[in-house]
Amino acid sequence: MLWSLPLTLRRVVGPSMYPTLKNNQIVLAWKSKNYSVNDIVIFSLNNREIIKRISDMNHNLVYVLGDNLKSSIDSRKFGWINLEDIKYKIILKK
Amino acid sequence: MKVGGINMYKAISRMIKPVYAHCDLPCGVYDPMQAMIEAKSIEGILKKYPELGDTDKQRAIFIKEQRAELVKHHLWVLWTDYFKPKHLEKYPELHTLTWETTKQAGKTKKTVDVVEAQKLIAGIEKISKIFWETKKPV
């Protein structure tokens, strides 16, 4: 089934990861089980897939920030997310 | 590559599922307490500042500036995302109050005077009062 593929493509919508990722940029994402600080990850929040960078990790909790700090709503606003909410790690950007 | 006047890259990319890097999320969670916590942090730093050693003073200044920037950010989110025209009709001072309070956050970057941090807290308290009044059932 398509949704269970370990590799997937996503199209970035919005400016919060600028300049690393620009609006409409295509990224290749990997369904990883290992995440670390500085990884760009896709996670679920309010039934939406969000993309941010891991800034800090504490056991099962992850603090995520947008690279464009002035235009990003991230863990500074919605707090730490759960590790299990992370779905993919970005491995390639086009 | 264009086919029949259609940019194929754009056309194909539109078919790829979006992932959101929006500057805002439709979570609807707002609270002036976020700005207040950062402002209290500035006040706390400035109270301790005179007793700190040189290295800690440098750190204190750096952290204070970060907190001041966060105060501005949190107030701007309230100003631009939460408050609606109907709130401004009822509280016409809101624009000036938010502007003056974010300016005050900027002032706390330039000083080690705790009084400036207390002025900032007072401004956030006024915004907070309006915020919670808007939350009351009509």
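**From a glutamine to a helix pair**

Gln34(B) sits in helix 2 (residues 33–48) of chain B; helices (H or I, at least four residues) and strands (E, at least two) are DSSP runs, numbered from the N terminus. This is a predicted model, in which local features need pLDDT of at least 70, side-chain atom pairs count only at pLDDT 80 or more, and totals for chains, interfaces and linings use all residues. Residues are numbered from 1 along each chain as its sequence is written, chains are lettered from A and ligands numbered from 1 in the order in which they are written, and side-chain values use heavy atoms, with hydrogens and water left out.

Leaving aside residues up to four places away in sequence, Gln34(B) touches Arg76(A), Lys77(A) and His74(B), where contact means heavy atoms within 4.5 Å. Val71(B) is 37 residues away along the chain, yet its C-alpha atom lies 7.7 Å from that of Gln34(B).

Now over to chain A. Strand 2 (residues 26–30) and strand 7 (residues 86–93) of chain A pair in the antiparallel sense over 4 bridges; pairing requires that DSSP finds at least two bridges between two strands. Ala29(A) has Ile90(A) in strand 7 as its bridge partner. Strand 3 (residues 40–45) of chain A also runs antiparallel to strand 7, joined by 3 bridges, and here Val41(A) is partnered by Lys89(A).

Back in chain B, helix 5 (residues 94–109) packs against helix 6 (residues 114–135) at about 150°, with axes 9 Å apart. Axes are lines fitted to C-alpha atoms, for helices over the stretch in contact, and angles run from 0 to 180 degrees between N-to-C directions. The two helices of chain B are therefore roughly antiparallel, the term for angles over 145 degrees.

Terms used. Angles under 35 degrees count as roughly parallel, over 145 as roughly antiparallel, 65 to 115 as roughly perpendicular and the rest as oblique.
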